[in-house]
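Please keep the sequence and the structure in view while reading.

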Amino acid sequence: MGNVLRFLCGKGCNPTTDEDLESQGYHGASAANVGVTALAHDLFHFEITSQVPEGLSKNVVSSKKAQANWYRKLLEAWKAAKPPPKTPEEAARLVIETLKRHQKADVEGLLAFYGLPLPHTLVQLTSGAPTSLPAGVEYEFQTFPVDSRAVVDGDGMTVYVSTTDPRESSCVPREVQVAAVQRSEARAEKNYTKADKIHKEIIESGYRILNFQNNEETLARKYRIRLRGIDAPENAMPYGKEAKEELTKIVQGKCLRVLVYGEDHYGRCIADIYCNGKFVQELMLKKGFAWHYAAYDQRPELARWEKKARDKRVDLWASSNPEKPWKWRKDNKEKGQMRR
């Protein structure tokens, strides 16, 4: 008997610090992917028992017999998918394609049951990761998997890069290297108070010791990132919380490719971000969680992607005249209330 869970993506080596960095959901899945894991679990259960999940009938209009037919089709499609769905968007597309001849209310009800994106929220991406560095890129790096708490808002985050990277290894301050060794020695002696004090000094220097699930530790450099070319609502604005949640869903637990064009006056890297080959700015614009920041980036494709979201009136564009974040910041700065 086959096992659908063999086809589900396995756990990666998510980094943690001395604290627990990432909350875990259903069967150890991250909160962002809990629906994918739940669907895979139910398909596995159906393969063994031929039973659909309890409570599904409250979300759909068709009979239990029809529901069983869906799960047979989904089970076959899941097994045939190479690779299998790993994100909510991928799982939603598989459900939509497999059940495209069934009633819309049933398909949307099934997606809602697992908390997967509905058809009208999915976007067709047109921009893949570049094979060569675009003009203006100063350097690039690959990050460790991103912790959900490192996402600041809808257009900013903190990431960490291994100091074993050739670009990083040559510029680690001597005092940070020494401190990392001293911390390791203190932990070996079980002097955790001393180790924590040393780690605090390392963090203040812009580095951190990351601890992986296999208990291997590595020294990483901290980078603050500002997504180039878009401006998302501030957290205190309407749709600010939703924009932050959307960016978190996209990058949480993922290793990112970061193309850096320079720094802003806050010391953040202005960068294009790619996650699993997908251009993050395109996702945020097409899903209606950001403006094209035309004052700083004139790329025409960004304007087109914003217009698509406007035309569909999705998320922040559901409002006829949403307040622009740069205007909001200016107004609040003048009032002495701005915090960024």
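A residue counts as buried when its relative accessible area is under 20%. The model described here is predicted.

**The nonpolar cores**

- The largest nonpolar core holds 38 residues, and those touching the most other members are Phe141, Met157, Ile225, Leu256 and Met284.
- Several strands give two or more residues each to this core, namely E1 (139–142), E3 (156–162), E5 (217–227), E7 (256–263) and E8 (269–275).
- Helices H8 (240–251), H9 (280–286) and H10 (300–312) also contribute two or more residues each.
- Another core, of 27 residues, lies apart from this one and includes Val36, Ala38, Val95 and Tyr114.
- Beyond its neighbours within four places in sequence, Met284 is in contact with Gly154, Ile230, Ala243, Glu246, Leu247, Ile250, Phe289 and Ala290.

**Val146, a buried loop residue**

- Val146 belongs to the loop between E1 and strand E2 (151–153).
- Because its relative accessible area is 4%, Val146 is classed as buried.
- Val146 and Leu256 are 110 residues apart in sequence, yet their C-alpha atoms are 7.9 Å apart in space.
- When residues up to four places away in sequence are not counted, Val146 touches Thr158, Val159, Val251, Gln252, Gly253, Lys254 and Leu256.

**Glu168, a buried helix residue**

- Glu168 is part of helix H5 (residues 166–169).
- Glu168 has a relative accessibility of 1%, so this residue counts as buried.
- Apart from neighbours within four places in sequence, the contacts of Glu168 are Val161, Ser162, Thr163, Arg221 and Tyr223.

Conventions. Residues are numbered from 1 along each chain as its sequence is written. This is a predicted model: local features need pLDDT of at least 70, side-chain atom pairs count only at pLDDT 80 or more; totals for chains, interfaces and linings use all residues. Side-chain values use heavy atoms; hydrogens and water are left out. A nonpolar core is a set of buried Ala, Val, Leu, Ile, Met, Phe, Trp, Tyr and Cys residues joined through side-chain atoms within 4.5 Å. Buried means under 20% relative accessible area, exposed over 50%, partly exposed in between (1.4 Å probe, protein chains only). Helices (H or I, at least four residues) and strands (E, at least two) are DSSP runs, numbered from the N terminus. Contact means heavy atoms within 4.5 Å.
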